[in-house]
Amino acid sequence: MNTFVHKTLVVQLHAPGTARFPVLAHLGYDADDPFAVTIVFAHDGHVLAQWRLDREMLAEGLDRPVGVGDVRLRPADTGMWHELRLEFLGEPRPDGGRQRAVVHAWAPAVAMFLRETREIVPPGREQAPVDELLADILATG
């Protein structure tokens, strides 16, 4: 049985003071880490950023605004397109503000990726290896 899902999408990056431009987003899901989705953003063979998101938060962001910390998601319609707007807040700047980037992804492609992850591990069936984690912590402490 396959325990990993990977999709590469072309998304639109919109940083402050710039127009949108295309970058690749590599979405990954591993059943061994069932609550998380990894997104790696790349352009011209260079990794721009990597984020780990909660799988359920990503799904909820397709339907309604979610997130209050460094990651905020919400659906966005741009006429013909249904997009997922992902806002990422980064390191603080010297002026007290924070680095910020917005990514626009085609919502049906993200939804299809999430459907594939649910075929591997349905919601509510996730299991975390808490006993193993505690054993590792206690062994190194």
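## A buried glutamate and its polar contact

A polar contact is a pair of N or O atoms within 3.5 Å, where, within protein, one atom must be able to donate a hydrogen and the other to accept it. In this predicted model, the side chains of E87 and R100 are joined by such a contact, at 2.6 Å.

E87 is located in strand β6. Its relative accessibility is 12%, and the limit for buried is under 20%, so E87 counts as buried. Leaving out residues up to four places away in sequence, E87 touches D70, V71 and R72, and also R100, A101 and V102.

## The nonpolar core

In soluble globular proteins, nonpolar side chains tend to be buried together. Here the largest nonpolar core holds 32 residues. V11, I39, F41, L58, L73, L86 and V110 have the most contacts inside this core. Two or more residues come from each of β1 (4–14), β2 (21–30), β3 (36–43), α1 (55–61), β5 (71–78), β6 (81–92), β7 (98–106) and α2 (107–120). The largest contribution is that of α2, with six residues.

What is L58 in contact with, leaving aside its neighbours within four places in sequence? The residues are V37, L53, L73, L84, L86, V110 and L114.

## A positive phi in a loop

Most residues other than glycine have a negative phi. D44, which is not glycine, has a positive phi near 55 degrees. D44 belongs to the loop between β3 and β4 (46–54). The relative accessible area of D44 is 67%, and exposed means over 50%, so D44 is exposed.

How values were computed
Residues numbered from 1 in each chain as written. Predicted model: local features only at pLDDT ≥ 70, side-chain atom pairs only at ≥ 80, totals over all residues. Heavy atoms only, no water. Core = buried A, V, L, I, M, F, W, Y, C linked by side-chain atoms within 4.5 Å. Buried < 20%, exposed > 50% of the residue type's maximum accessible area, 1.4 Å probe, protein only. Helix = DSSP H or I, 4+ residues; strand = E, 2+ residues; numbered from the N terminus. Contact = heavy atoms within 4.5 Å.
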